[in-house]
Every structure is written in structure tokens, then in C-alpha cells.
Amino acid sequence: MHGIKPKIIQQPVRGRMCGTKTIPDKRRIEPSLIIQLEFSNNTEESEALLASDRYLCHLALVSSELNISKMVAKLDVAGETVIQNTTIGTEMICGSVLKDPVSLEKHIYFVFPNLSVRYAGVYRFCCSIVSLDSGTCRQVTTDPFRVHSSETYPGAIERTVLEVSFHNQGVQMPGRFKAIKPRHIKTKIT
């Protein structure tokens, strides 16, 4: 993992808070966070593509100033202190080999399609990528994004080209995707 560098290729921009209920409504952060692993040489990359499941990415929600972890919140419920996870969704995943929709080259990506945050505020994700073979770790942090209350939420963002491409390659993503219908050529038979 000496020549590896994580690169955020799609940043979350906004989301709608999903609340503190035990079964929250999942209102995902948009667009999905997508991280690509870059390698210093082609030999390392071709070896890594064969063992993409040997790389893990873990997310930690932090304040926009990067000084306070926002992973859990203490709540006072009927005189009892309850500790609750601030994020909902998959916070740790293995790498996936996917084709870049522009260059059509295969790379290792980490796609987080179903992340939600319980409370309104401005946050960042601190992403730690670990190689299970060497035990080394690299970190990268997203730009700040805002989680809105239901009153101030400006609306959903359209799916990006990356999300549609990765969905078509088998990445499970919530929500609806527009089906692309093949165009049929009509010919007259005379």
C-alpha cells in the first residue's frame, strides 16, 4: 500500500435529516460518496484489482471544523440517557472493481449509496482506507456538506453519471433509476 492514494471523486453535497426514531426514514445524503484508489504504478494496480476485497474503507462523521466526532449522540429520553448512532447506513465496505464511465478503465472504488444523518448541521466524513495485507492506513476527508431539517431542505439532487454507471454494474443503490430503453429501427416491408 506504499503507492496508494485515496481520491474522493464524488462528494456529498446535502441531505435531509432522518430523525431520532428507532426506525428512521432513510433520507440519504446526496450525491453518494464515492472514493477511488489511485496507485503509483500499473503493476501495483493490476495486482490490487485481483484482491480488491483486501481493502476496507471506514467512515467517521465529524464536525465541519474536524475537531469533534459526531458518531454518537447522547439523548435524554424519559430521564434516561440513551446513546444513539448519528449516522445510518453502511459505514464500512470492501473495495469494488468497477469501470470508470468515461475512460472505461477498471479501478477500485468505495461507494456509499445509503448514508443518512439523524441531525441537521454541517458535517464532513473522515474516510480511512486500510489494506488487510499490510495493515497500513490512508485517510482522506470530504468537503463540508449540510444536512437540512425538513423545513429547509431544498429538494433531491438528480442521480449522477457515476451513480447510474455503478448501478448498471451491480452496485446496490436505493431509489429509482431511469431505465434506458433501446431504440428500435422501424423498417417498412414492401
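Residues are numbered from 1 along each chain as its sequence is written, and side-chain values use heavy atoms, with hydrogens and water left out. Because the model is predicted, local features need pLDDT of at least 70 and side-chain atom pairs count only at pLDDT 80 or more, whereas totals for chains, interfaces and linings use all residues.

Helices (H or I, at least four residues) and strands (E, at least two) are DSSP runs, numbered from the N terminus. Two strands are taken to pair if DSSP finds at least two bridges between them. An open sheet is formed by 4 strands in the order β1-β3-β10-β9, with antiparallel pairing. Its edge strands are β1 (4–10) and β9 (96–99), each of which pairs on one side only. From one strand to the next, the twist averages 45°; for such angles, axes are lines fitted to C-alpha atoms, for helices over the stretch in contact, and the angles run from 0 to 180 degrees between N-to-C directions. Within this sheet, β1 is joined to strand β3 (residues 33–39) by 6 bridges, and the two run antiparallel. The bridge partner of Lys 5 in β3 is Glu 38.

Strand β10 (residues 106–112) contains His 107. His 107 is buried, its relative accessible area being 11%; buried means under 20% relative accessible area, exposed over 50%, and partly exposed in between (1.4 Å probe, protein chains only). A polar contact of 3.4 Å connects the side chain of His 107 with the side chain of Gln 36. Such a contact is a pair of N or O atoms within 3.5 Å; within protein, one must be able to donate a hydrogen and the other to accept it, and residues adjacent in sequence count only if both atoms are side-chain atoms.

Strand β4 (residues 55–63) is mostly covered, as 8 of its 9 residues are buried. Strand β4 pairs in the antiparallel sense with strand β12 (residues 121–131) over 9 bridges, and Leu 61 stands opposite Phe 125 in β12. Antiparallel pairing also connects β4 with strand β8 (residues 92–94), over 3 bridges. There, His 58 has Met 92 in β8 as its bridge partner.

The structure holds 4 aromatic pairs. Rings of Phe, Tyr and Trp (its six-membered ring) pair if their centres lie within 6.5 Å; planes under 30 degrees apart count as stacked, over 60 as edge-to-face and the rest as tilted. Tyr 109 and Phe 166 form a tilted pair, 4.8 Å centre to centre and with 55° between the planes. Tyr 109 lies in strand β10 and Phe 166 in helix α2 (residues 161–168), so this pair ties together parts that are 57 residues apart in sequence. Both Tyr 109 and Phe 166 are buried. The pair of Phe 125 and Phe 145 is stacked, because the ring centres are 5.2 Å apart and the planes lie at 25°. Since Phe 125 belongs to strand β12 and Phe 145 to strand β14 (residues 145–148), the pair ties together parts that are 20 residues apart in sequence. Phe 125 and Phe 145 are also buried. Ring pairs link Tyr 123, Phe 125 and Phe 145 into a cluster.

The structure also holds 4 salt bridges, each a side-chain nitrogen of Lys or Arg within 4 Å of a carboxyl oxygen of Asp or Glu. One of them joins Glu 38 to Lys 7, with the closest N and O atoms 3.6 Å apart. This pair links distant parts of the chain, Glu 38 in strand β3 and Lys 7 in strand β1, 31 residues apart. Glu 38 counts as partly exposed at 27% relative accessibility, as does Lys 7 at 38%.

Another salt bridge joins the side chains of Glu 163 and Arg 28 (3.6 Å, N to O). Glu 163 lies in helix α2 and Arg 28 in the loop between β2 (14–16) and β3, so the pair ties together parts that are 135 residues apart in sequence. Glu 163 is buried, with a relative accessible area of 0%, and Arg 28 counts as buried at 12% relative accessibility. A network of salt bridges links Arg 28, Arg 159 and Glu 163.
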